[in-house]
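Work through the exercises below with the sequence and the coordinates open. Each task is followed by a solution in steps.

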Amino acid sequence: MSALAVETPRSRVCAAPDTGADPLKTAHLANSFLRTALDQASEGIMIVEANLSHRLGPRILLHNTRMAAMVGAEPESGLRERFVTQLVASQTEADDLMQTLRGAVKQGGASQWEGSLKTLYGGGTQRCAWRIRAVQDEHGSVYNYTLTVAPALAAPAASPAGGPGVVEVDDSRRLRNDNLATLSLGVFHDLNNLLGIMMTNLSEAARLSPGGVPAVGHHVDEALAASQQARAFIQQTMKMAKDIPASREPVDMADLIRETARVAQSGSGVTLHMHLPKDLWWSVVDGAKITQVLQNLIINAIQAMNNHGYMDVLARNVVVPQGHHQLQPGPYVELLVRDRGCGMDPDVARRVFQESFTTKPDGNGIGLTTCRRIILEHAGHIVASSMKNVGTEITFWLPATQPRAKQAVSAPAKPASRGLQSGVGTVLVVDDEDRLRQVILAVLRQCGYKVYEAESGEQAVSTYRSLLLEGEQVDTVIMDLTLKGGLNGEESMKAIKALDPAARVIASSGGMVEEARDSYICQGFDDILPKPYLAPDVAAVVHRVLHQGKSASKGDMVAA
């Protein structure tokens with residue numbers, strides 16, 4: 001998640017010594033150092049404009065990563081174009097904050113305020129302490145306001161007997177959970193970028209492995225399958241943080257169980273026995289979440305058996321009769337995971353699904369709690385039974401669909417083919433992550449494309465302009481949205497389309513979900529490429545964009 005870039009007013013730029021260095025590059029480097037320093041702060045920091053006349057207060061000019069995480073801002077846009085009063089919970093607090101800003105100069109340039117900071121996703125709030133400083137020039141005119149924001153300490157609650165107050169634990173826990181939820185967007189955005197480097201390289205290695213050593217190809221396939229599951233989990237978490245409704249569709253449960261068990265057990269010393277009937281019913285589920293449940297159960301079983309021995313994964317079709325105390329009557333898929341590990345005492349087995357309960361010295365107690373929540377969300381049920389020194393069985397049920405015949409729909413999409421769609425054309429790849437940019441360039445060259453690269457928005461616009469002036473047609477641009485430095489991805493796209501209205505630009509980001517495609521199209525992009533992606537994904541989206549049959553003429557070009 002990047003902070004916003006701000007062009008430093010010329011009146012505030014000190015003249016650089018005449019060393020032959022480019023003043024613009026020097027200013028850009030200084031801006032980069034400033035942004036890096038701000039992002040190291042544990043508190044939220046904003047710089048807002050000096051103008052207080054707008055009804056929404058001053059516009060936010062720059063902020064650090066922590067500030068964006070505290071309010072759950074989109075990684076690609078941050079708090080760009082927002083006004084400071086849009087971050088508080090009520091009009092009363094907005095008025096109070098504005099009054100404090102106006103009074104900062106009278107109080108020696110600094111003042112303090114306490115109020116609610118609003119979470120942009122989910123509507124939550126948290127009480128925060130705001131430190132406000134009016135930055136003034138040598139004539140006493142306000143240049144801008146710097147705001148530092150941190151969660152306020154919980155107020156002690158008065159005891160019934162009038163004794164010393166105590167901190168409300170529930171409020172503290174709620175604030176911690178809210179902060180974790182908002183931080184997840186930025187964290188998973190960065191993880192997606194790193195996972196993208198792994199997945200693109202792995203998919204290329206898998207494509208080349210048939211001519212190599214078979215054992216190596218097997219390990220590459222296993223690593224690729226695991227990384228694809230990690231991608232699904234990250235996407236699911238991002239949807240939850242953004243309040244995007246979960247998508248459910250008919251899933252072939254036999255295929256889901258078989259693939260998940262294979263990946264979860266791979267590399268362990270445990271022998272897994274699996275029994276899946278050929279006529280196992282389908283279920284309408286969120287496949288990523290059910291995969292998460294099954295993988296968690298299998299890994300727990302492997303750990304309980306100290307990574308050796310035999311375990312079972314069994315599934316069958318059942319029909320629940322009327323009057324069942326936990327499930328509605330009807331068809332269900334029943335799935336059982338059985339280990340032959342150390343087992344648990346009865347009282348421990350009864351508590352395994354309780355929040356924060358764990359028997360592991362380094363555990364956190366959220367794994368099985370999450371499994372239970374997911375199964376209940378799907379109108380299912382989950383139970384555990386165990387015997388000390390014998391083993392543990394965990395069984396869950398999911399409502400089935402079409403109990404007498406397989407659903408007449410296609411199975412869930414399989415992992416992308418190793419083949420790359422070839423094409424002809426010129427592609428400009430814009431990404432500030434050098435390792436990812438280089439592997440994309442290699443993939444596109446293998447597909448037959450002529451490629452150019454840029455590591456910043458300014459360089460992308462400059463390269464596109466130069467190619468236009470040289471008569472080189474750029475057929476599409478792959479644009480990272482969270483570029484470090486000056487222009488972000490959206491601004492760079494608009495600048496490129498100002499040069500060439502017929503330009504085709506593909507938006508790419510680690511903070512992007514497929515469900516947001518339409519919103520990016522409305523912003524002016526031609527398609528999206530969510531990170532992380534496989535090599536065939538890159539080839540497919542470029543091929544799709546180049547064959548959309550756009551009628552815009554490439555002759556209407558504006559050279560700036």
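A nonpolar core is a set of buried Ala, Val, Leu, Ile, Met, Phe, Trp, Tyr and Cys residues joined through side-chain atoms within 4.5 Å. Buried means under 20% relative accessible area, exposed over 50%, and partly exposed in between, with a 1.4 Å probe and protein chains only. The model is predicted: local features need pLDDT of at least 70 and side-chain atom pairs count only at pLDDT 80 or more, while totals for chains, interfaces and linings use all residues. Residues are numbered from 1 along each chain as its sequence is written, and side-chain values use heavy atoms, with hydrogens and water left out.

**Exercise 1. Find the largest nonpolar core and the elements that supply it.**

Step 1. The largest nonpolar core holds 41 residues, and I257, I298 and M311 have the most contacts inside it.

Step 2. Helices (H or I, at least four residues) and strands (E, at least two) are DSSP runs, numbered from the N terminus. At least two residues of this core come from each of α6 (253-265), β7 (270-275), α7 (287-304), β9 (309-320), β10 (330-339), α8 (346-349), α9 (367-377) and β12 (391-399).

Step 3. The element that gives the most to this core is α7, with seven residues.

Step 4. Another core, of 27 residues, lies apart from it; M67, V84, C128 and Y145 are among its members.

Step 5. Now list the partners of M311, where contact means heavy atoms within 4.5 Å. Not counting residues up to four places away in sequence, M311 touches V270, T271, L272, H273, I298, A301, I302, M305, V337, R338, D339 and R340.

**Exercise 2. Describe how α6 packs on α7.**

Step 1. Two packed helices are described by the angle between their axes and the distance between the axes. Axes are lines fitted to C-alpha atoms, for helices over the stretch in contact, and angles run from 0 to 180 degrees between N-to-C directions.

Step 2. The axes of α6 and α7 come within 9 Å, with a crossing angle of roughly 40°. This makes α6 oblique to α7. Angles under 35 degrees count as roughly parallel, over 145 as roughly antiparallel, 65 to 115 as roughly perpendicular and the rest as oblique.

Step 3. α6 and α7 cross in a right-handed sense. A crossing is left-handed if the near helix is turned anticlockwise from the far one by less than a right angle, and right-handed if clockwise.

Step 4. On α6 the contact is made by M253, L256, I257, T260, A261, V263, A264 and Q265, and on α7 by G287, I290, T291, L294, Q295, I298 and I302.

Step 5. Sorted by class, this contact of α6 with α7 has 10 nonpolar, five polar and no charged residues. Ala, Val, Leu, Ile, Met, Phe, Trp, Tyr, Cys and Pro count as nonpolar, Asp, Glu, Lys and Arg as charged, and the others, Gly among them, as polar.

**Exercise 3. Is T85 buried or exposed, and what does it touch?**

Step 1. T85 is in the loop between α2 (65-71) and α3 (91-104). Its relative accessibility is 10%, so T85 counts as buried.

Step 2. Neighbours within four places in sequence aside, T85 is in contact with L56, G57, A94 and M98.

Technical notes: Contact means heavy atoms within 4.5 Å.
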